[in-house]
Amino acid sequence: MIHRRRAASLVGSALVAAALLAGCARSVSGTGDAERWNATTVAGLEITNGASGPRPGVPDSPLAVVGGDGGELDRLARNAVDDVQRYWRDELPATFGRRFEPVVRLISYDSTGPDTTVCGTGTAGVVNAFYCRADDSVAWDRGQLLPLLDDSFGPMAVVAVLAHEVGHAVQSRLGTTDGRTSSIVREQQADCYAGSVFRWVAEGNAPHFQLAIGPGLNQVLATLFFIRDAVGTGFDAEGAHGNAFDRVSAFQFGFGEGPARCLRMDEAEVRRRITQPASGQASTLDAGGGNLRVDDRNALRALEQTLRAAFDRHGVATPTVDPSAPPCAEVRGTAPASYCPLTKTVGLDLAELARIGTPPDQGTGGGLGDFAAFAEVASRYALAVQHAAGYPLTGLSTAQRTACLTGVWAATITAGRGALLQLSPGDLDEAVAEMLRPRSLIAADVNGAGIPSGFARVEAFRDGFTGGGATPCLQKYR
């Protein structure tokens, strides 16, 4: 994050403050047309906690693989491509009126082995999976990439990556992308197409694979986090795929709305929605940002000022952020931040806040970064806002409403809005990582309870980030 030290710039971050909670009342009459949220479903499907991965006892796909070693990972990839193509065999004519022709070749190579040529490129050291338009093939690295995905996130991670690559084959068949189409548009569409495939898998239609919508889908989203663009990569860079927030968003659009939504992702739509900055802006922000010390008192004061600018109403008592607040008997304590309704105080555990605020490549404490830590504090402040407006502080709706309001706050500190704290590249990805953990404080009620679906948590945060204020959060999550 970036800490600006000009108090006058607070005015810029308050442009949503005046109207933000003007509608913060328990009565929601007249909002019957607003989208309602269901605590037991994700995109209309019941949240499940069963098995995810290959179906036991199912015959393997007969698809031929060039260069394969006949091993378990090639078998996994072959079955994955077979299922994905089965989806498109029915979906392409149903949605787009086009016949789907399977890709001509599947190619397996070992990036650690002898150099071979695939799609005109040497494979030595190429840890990747890709679609080659020149010969209509899908290729994957069984030497490093597939083992890494399978070991880190499970077999559905391999399915996700290959569903993305077949998505590029779909683009080729539809003729919707060409050499003039930017990389970010191609990749956002392919992530979206992968999401639509996974909806079909989650519905139980895939012959070789099954997916639980709770933990199983969380692992798929974690895969997208893992394969995101490096911090500082501009969305306009050649080969850009998107940061984690944007990749997860595209996948969720496909999962929730189907492949027709993906085709609407053109240059204008992506540039309007994308949170990844352009190349020049990305390097400037990254150079001036870095990771703040979240236990620094000046940074904490700046955080509190951005929260007041985003949420406070005239005449309403504002909560105090107090690093030395005593334990609260009313509620179960949550670290690194907790809200006490009796004293209207957000208490902090500075040691735990510092641990979470430490980037994961510094030390072995398992931290996430400064924005993740500050967003957890912001979530407790959002509870205070709800408390002042008469909303309940416990329950799954409260947890999702809290994530949504935390997204509202994040939108007020985007670069260029003059806030004392400003988002820098990689910050929103930290929020995604936090919400994909088994327990998320960004998406939790006053006692730390929340919905087990990382998909639903991220969706709620994005609702707030893109919704233009608190009203959508208060109407949907009730």
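Contact here means heavy atoms within 4.5 Å. Helices (H or I, at least four residues) and strands (E, at least two) are DSSP runs, numbered from the N terminus.

This is a predicted model, in which local features need pLDDT of at least 70 and side-chain atom pairs count only at pLDDT 80 or more, while totals for chains, interfaces and linings use all residues. Residues are numbered from 1 along each chain as its sequence is written, and side-chain values use heavy atoms, with hydrogens and water left out.

**Whole chain**

Start with the chain as a cartoon: it has 18 helices and 14 strands. Of its 478 residues, 55% are buried; buried means under 20% relative accessible area, exposed over 50%, and partly exposed in between (1.4 Å probe, protein chains only). Among contacts with a separation of 6 or more, 74% join residues 24 or more positions apart.

**Helices α8 and α16**

Select α8 (residues 244–257) and α16 (residues 427–435). Their axes come within 7 Å and cross at roughly 55°, which makes α8 oblique to α16. Axes are lines fitted to C-alpha atoms, for helices over the stretch in contact, and angles run from 0 to 180 degrees between N-to-C directions. Angles under 35 degrees count as roughly parallel, over 145 as roughly antiparallel, 65 to 115 as roughly perpendicular and the rest as oblique.

Show side chains next: Ala244, Phe245 and Val248 of α8 meet Leu428, Asp429 and Val432 of α16. This contact of α8 with α16 has five nonpolar, no polar and one charged residues. In that count Ala, Val, Leu, Ile, Met, Phe, Trp, Tyr, Cys and Pro are nonpolar, Asp, Glu, Lys and Arg are charged, and the others, Gly among them, are polar.

Stay on α16, where nine of nine residues are buried. Its cover includes α7, α8, α14 (370–388), β14 (421–422) and α17 (454–466).

**Helices α4 and α7**

Move to α4 (residues 145–153) and α7 (residues 215–226), whose axes come within 10 Å and cross at roughly 130°. These two helices are therefore oblique to each other. On the α4 side the contact is made by Leu148, Leu149, Ser152 and Phe153, and on the α7 side by Gln219, Ala222, Thr223 and Phe226. By class, the residues between α4 and α7 are five nonpolar, three polar and no charged.

**The nonpolar cores**

A nonpolar core is a set of buried Ala, Val, Leu, Ile, Met, Phe, Trp, Tyr and Cys residues joined through side-chain atoms within 4.5 Å. The largest has 132 residues, and Trp88, Phe198, Phe251, Phe371, Phe374 and Trp409 have the most contacts inside it. Helix α5 (residues 155–174) gives the most to this core, with twelve residues.

Centre on Phe198. Beyond its neighbours within four places in sequence, Phe198 is in contact with Met156, Val159, Ala160, Ala163, Leu211, Val220, Phe251 and Phe255. Another core, of five residues, lies apart from the largest one and includes Ile107, Tyr109, Phe130 and Ala139.

**Two single residues**

Select Thr123, in the loop between β7 (121–122) and β8 (129–132). Is Thr123 buried or exposed? With a relative accessible area of 2%, Thr123 is buried. Setting aside neighbours within four places in sequence, its contacts are Tyr109, Ser111, Pro114, Asp115, Thr116 and Val118.

Finish at Glu267, in helix α10 (residues 267–273). Glu267 has 27% relative accessibility and so counts as partly exposed. Ser182 is 85 residues from Glu267 in sequence, yet their C-alpha atoms are 7.5 Å apart. Not counting residues up to four places away in sequence, Glu267 touches Arg180, Thr181, Ser182 and Val185.
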